[in-house]
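Welcome, and take a moment to turn the model around before reading on.

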Amino acid sequence: METRNIFENLSCIDHRYSLSEKEVFEGLSKYISEEANIRSCALCEAALVQAHLQVRGELTPEKAKLLDNIAQNISPEEVYAEEEKTKHNIRALVNILKTKIPQDIAPLVHLGATSVDILDTALSYRMKNVTQNVILPELIALEKALCSIAEREAETPQVGRTHGQHAVPITFGWSIAEFVSRLGKSILRIEELSKQLKGKLAGPVGSYNGPSMIVKNPEELERTYLSFLNLEPSEYSNQLVEPEYLLRLLLEMNVAFGIIANLADDLRNLQRSEIGEVFEYFASTQVGSSTMPQKRNPWNSEHVKSLWKAMSPRVMTFYMDQISEHQRDLTNSASQRFIADYAAGFTMAVSRMKSVVLGLQADRDAMAKNLAQAGGKVKGGVLAEPAYILLGEAGVNDGHEVIRQITLEAEQSGKTFYEALKTHTEAFSKITSQLEKLGIENPSTFFEDPARYRGLAAEKSKRLAQKYSAIMDSLVAK
């Protein structure tokens, strides 16, 4: 077998990421490498022979095992060498298989099938298996790690941010719970869509012309063929399986990819020197900069974002592969091969994000400090919202303007918002009275500590973390 130094390969997936994400790469390779592609097609051909034999009542466990074994051990080099002669990949595979399968059943190889009965079925077979056996486990592990942080940090005070500006207080668990919820739903959809991938055995235009020359019930033959591959037939096929089954799966992966890229962006921003609220794991031998020895760059989060930039636009190609002229043309032949690259890039980004999250630490002191100083030029100004709401509840019609003027006064005087608010005794008395009605402890000092104003952030963080952790456990148990 001819081997190539991995550094002679053209794709960064096959050299750089095969090393940095070695375990994931090896898992993906079992399902979406070129060797896996050829072997999945061979398994489809073996399944077709088994279907013919079963219809005839001649299939035995020994024959089924033999056919699967031959398919699993097909040589890609042999098939490629034969393709040099035939200039046709499936015919080359068929020719090789016919030399390896017992001659009494060799005529059944590819009988009644067209190339895409094998190619599209094999693609669905590979994508279903790689999704369920590699991609989903990585996603579930990431989701579980996020759930752990959301629950662990549910009570950790943090300033909220909108438009890049300080907003009202939240907790760090709440900021992570966002991604728990968003990614959790996407994982469930990916799992569902992976089960819906279809195959076919319907001939060159999908109307079962060829199979109808072999059996009285071509659709039953199709179902039997696909059952050996744990697939179901497409409701309608021309020469192709309806492309939307696979398209929807790839699009949902891209949805998840966007969620993960959003998470990577947020974590990267929280590691800025002037914020410093979280930090990634940094090995003792790791170098952050070639020239600035003190730096600890958030490069893993940036790497995830960069992979998203490289892979996400490929969605346009997936959409374009929907279109095939009449019953089939070959305009998806080359472009569809790059689905493997996309699946690999996506999975490696998930794996990298998982490693970030597993090593992520919250700097609770920095979060507390930033929250205490939050509010723009007015220390404690993030509590202007509850002050105006409570005034409104007390019947003050222009409560928003009253509080806005107090924030301006605090800004000009250098007082904290709490200090300025207390000098407005009538407003402060009404606000305190409303807090007492709500059962708030120590209402007179409520505005001294921004961390007390957090709504349901902690409660919902825990609830979402526990919900999605249980859901992920149930997926693993399936």
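A search of the whole structure finds zero disulfides, a disulfide being a pair of cysteine sulfur atoms within 2.5 Å. Cys-41 is in no disulfide, and the nearest cysteine sulfur to Cys-41, which belongs to Cys-44, is 6.2 Å away. Is Cys-41 buried or exposed? With 4% relative accessibility, Cys-41 counts as buried. Cys-12, by contrast, is partly exposed at a relative accessible area of 37%. For these words, buried means under 20% relative accessible area, exposed means over 50%, and partly exposed is in between, using a 1.4 Å probe and protein chains only.

A word on what you are looking at: this is a predicted model, in which local features need pLDDT of at least 70 and side-chain atom pairs count only at pLDDT 80 or more, while totals for chains, interfaces and linings use all residues. Residues are numbered from 1 along each chain as its sequence is written, and side-chain values use heavy atoms, with hydrogens and water left out.

Now for the whole chain. The protein chain holds 19 helices and six strands; helices (H or I, at least four residues) and strands (E, at least two) are DSSP runs, numbered from the N terminus. Along the principal axes, the C-alpha atoms fill a box of roughly 100 × 55 × 40 Å. The radius of gyration of the protein chain is 30 Å, whereas a compact globule of 478 residues would have one near 23 Å. That radius is taken over C-alpha atoms, and the globule rule is 2.2 Å times the number of residues to the power 0.38.

How much of the chain is buried? Of the 478 residues, 49% count as buried. The protein chain exposes about 23900 Å², with carbon and sulfur atoms supplying 51% of it; these areas come from the Shrake-Rupley method with a 1.4 Å probe, and for residues only the protein chains shown count as cover. Among contacts in the protein chain with a separation of 6 or more, 74% are between residues 24 or more positions apart, where contact means heavy atoms within 4.5 Å.

Charges come next. The protein chain has 54 positive and 62 negative side chains, and the centres of the two sets lie 1 Å apart. Lys and Arg count as positive and Asp and Glu as negative, while His and the chain ends are not counted. Each charge is placed at NZ of Lys, CZ of Arg, CG of Asp or CD of Glu.

Let us visit some single residues. Ile-149 is part of helix H7 (residues 115-152) and is buried at 2% relative accessibility. Leaving out residues up to four places away in sequence, Ile-149 touches Ala-154, Phe-172, Gly-173, Ile-176, Val-357 and Leu-360.

Lys-198 sits in strand S3 (residues 198-199). Lys-198 is buried too, at a relative accessible area of 12%. Beyond its neighbours within four places in sequence, Lys-198 has contacts that include Asp-120, Glu-232 and Tyr-245.

Asp-265, in helix H10 (residues 244-270), is buried with a relative accessible area of 18%. Ser-75 lies in the loop between helix H4 (61-72) and helix H5 (76-86), and at 19% relative accessibility Ser-75 counts as buried.

The table pairs these residues with others in the chain.

| Residue pair | Apart in sequence | C-alpha to C-alpha |
|---|---|---|
| Ile-149 and Ser-413 | 264 residues | 40 Å |
| Lys-198 and Asn-9 | 189 residues | 33 Å |
| Asp-265 and Ala-167 | 98 residues | 18 Å |
| Ser-75 and Pro-102 | 27 residues | 17 Å |

Finally, look at two backbone angles. Most residues other than glycine have a negative phi. Asn-230 is not a glycine, yet has a positive phi of about 60 degrees. Where is Asn-230? Asn-230 lies in the loop between helix H9 (218-227) and strand S4 (232-233), and is exposed with a relative accessible area of 56%.

Asn-442 likewise has a positive phi, near 45 degrees. Asn-442 belongs to the loop between helix H18 (425-437) and helix H19 (457-477), and at 53% relative accessibility Asn-442 counts as exposed.
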